[in-house]
There are 2 protein chains.
Amino acid sequence: MSKLLIVGTVAFDAIETPFGQTDKILGGAATFIGLAASHFNVNSAIISVVGGDFPKAYLELLKDRQIDISGIEVVEDGKTFFWSGRYHNDMNTRDTLSTELNVLADFDPKVPETFKDADILMLGNLHPDIQMNVLNQMNSKPKLVILDTMNFWMEHSLEELHAILKRTDVVTINDEEARQLTHEYSLVLAARKIQEMGPRFVVIKKGEHGALLFHEDNVFFAPALPLEEVFDPTGAGDTFAGGFAGYLAKTNDISFDNMKNAVIYGSTLASFCVEKFGPERMLELNLDELYVRLQQFKNLTQFEIELS
Amino acid sequence: MSKLLIVGTVAFDAIETPFGQTDKILGGAATFIGLAASHFNVNSAIISVVGGDFPKAYLELLKDRQIDISGIEVVEDGKTFFWSGRYHNDMNTRDTLSTELNVLADFDPKVPETFKDADILMLGNLHPDIQMNVLNQMNSKPKLVILDTMNFWMEHSLEELHAILKRTDVVTINDEEARQLTHEYSLVLAARKIQEMGPRFVVIKKGEHGALLFHEDNVFFAPALPLEEVFDPTGAGDTFAGGFAGYLAKTNDISFDNMKNAVIYGSTLASFCVEKFGPERMLELNLDELYVRLQQFKNLTQFEIELS
């Protein structure tokens, strides 16, 4: 089994949807990535920073999932990163109500000695310089570097983003961001341009419309499972990435064919994530439920056509 | 092999896209449906009406495809139905510049005697009363009635639309129209409500985001093939429906499993349709190209996960 190292936010979220709203609850990209990956019983660690206001119970909850949290720094006199947002009725668009960086503003990531040889490095959405800082602490180039990013860095730190992209194997990015980064409307052309920037594999996330995996001239598509109700989309993209990385870590196989499966596992886990607020559904999920839903994915997409 | 009867418009289109524009060219729902179905060498006929201005060469072109055109009435002193539209840069939205009903305003469809026993009746997008009129001329209920419709009829002829839906087996409808018809945002819930209106099978078309097939508690999804360039989306939905109906007619099997394949064939044909203006690409398409693209669809969607 491979070692998986995750860097990203561990944070508070406050969420409003048409179905209700939450107080400050557990959130953050690394939280969702780590919880998703934990379903594969991988040897994983999270690097992050929280304030003295962050409940010890939340940290214990990650530890209980066999996630190494020695790389999560607690700044006792600081406050934890906080995001709040309100989803529109379509559940696909949202307004950010508040972003308080707090301790994240001075985040100085430290890779634990025992994870400097991690096989898979998952760089969650953060400033590209922080992502680069983590990569530079590794003993040698990891077998696979997976990068998530967002439009904010394209607008404010494009040069730094290009620098880390050059050293990335897999990038996960949403469709609008892929278009913004490449000035191409066609996702096929956008993916090709992103491949030229560095990543051999490009995953374009289309939210409720699924995800595309590009590699060389190959393309694979996984739909999102059609759901009766999307309760809270927060963390779905990170859960996808965590399932993707976790499955690759478990199987220790980064071929394109196995990455297809990783995309399916990521989509399956994301389909659970959106059923309840925050990471609630991910915490109660068991393997039997996961297998039932994988079967639904097969039924949804597999067909039998013999080509003559 | 089953008999396929198609009713719908045979018309002139004038199209503007970011890539160029056309004069009046061959268009109309029944044209695209018939051309798509012709790739399966089915025994098919079109019922429609055109004016004296409609080139005989266009009618010959349909006849050359082994489509029975005895049900296409030519009103010598009338003008052919004409639509023109302009696509936006995203190629997913368009403005209608002009709609001239002309001879379509008094369309009185007549089913040829030899097709009153058709196995599959494809009711292209028209006033629901015209669709009902055609269905009522059949000797007995066809094995499969497929209906296409649009938002205009929901707004202006909802009662008549419900009457024909009650007698429909398969409805094809786009995502926004499905939401409008049912007042449900979730497509899963929308499909369930539409099933309660009559159709046992519901196909929801999502344009570049693919198509969903619902039947009882089953759902199947076919993506649209990711293309480098969409040149002209006109007729893609009708080409999908024609490929779907044509494959079912050829195989004479209306099981859910076979309908999955029909959805894949429909999507494959639609992926060609958008490559050139109007039906141009469909007219030059050969079977070898079709099989190559079917293989691309398999590569795009098929995966190997063993469930323990």
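In the predicted model, helix H3 (residues 128–137) of chain A packs against helix H5 (residues 158–165) of chain A at an angle of about 30 degrees, and their axes are 8 Å apart. Axes are lines fitted to C-alpha atoms, for helices over the stretch in contact, and angles run from 0 to 180 degrees between N-to-C directions. Helices (H or I, at least four residues) and strands (E, at least two) are DSSP runs, numbered from the N terminus. H3(A) and H5(A) are therefore roughly parallel to each other (angles under 35 degrees count as roughly parallel, over 145 as roughly antiparallel, 65 to 115 as roughly perpendicular and the rest as oblique). The contact involves A:Pro128, A:Asp129, A:Gln131 and A:Met132 from H3(A), together with A:Glu160, A:Leu161, A:Ala163 and A:Ile164 from H5(A); two residues are in contact if their C-beta atoms, placed from the backbone, lie within 7 Å. By class, the contact of H3(A) with H5(A) comprises five nonpolar, one polar and two charged residues. Ala, Val, Leu, Ile, Met, Phe, Trp, Tyr, Cys and Pro count as nonpolar, Asp, Glu, Lys and Arg as charged, and the others, Gly among them, as polar.

Between the chains, 30 residues of chain B are in contact with 30 residues of chain A. On the side of chain B that touches chain A, at least two residues each come from helix H7 (187–196), strand E14 (218–222), helix H9 (256–273) and helix H11 (287–301) of chain B. H11(B) gives the most to this side, with six residues. The residues of the side of chain B that touches chain A divide into 18 nonpolar, eight polar and four charged.

Within chain B, helix H1 (residues 29–38) is mostly covered, with ten of its ten residues buried. A residue is buried if 20 or more other C-beta atoms lie within 10 Å of its own, exposed if 12 or fewer, and partly exposed in between, with C-beta atoms placed from the backbone. Strand E11 (residues 170–174) of chain B is also mostly covered, four of its five residues being buried. E11(B) pairs in the parallel sense with strand E10 (residues 144–148) of chain B over three bridges (two strands pair if DSSP finds at least two bridges between them). In this pairing B:Ile146 stands opposite B:Val170 of E11(B). Strand E12 (residues 201–205) of chain B runs parallel to E11(B), joined by five bridges, and B:Val171 stands opposite B:Val202 in E12(B).

Residues are numbered from 1 along each chain as its sequence is written, and chains are lettered from A and ligands numbered from 1 in the order in which they are written. As this is a predicted model, local features need pLDDT of at least 70 and side-chain atom pairs count only at pLDDT 80 or more, while totals for chains, interfaces and linings use all residues.
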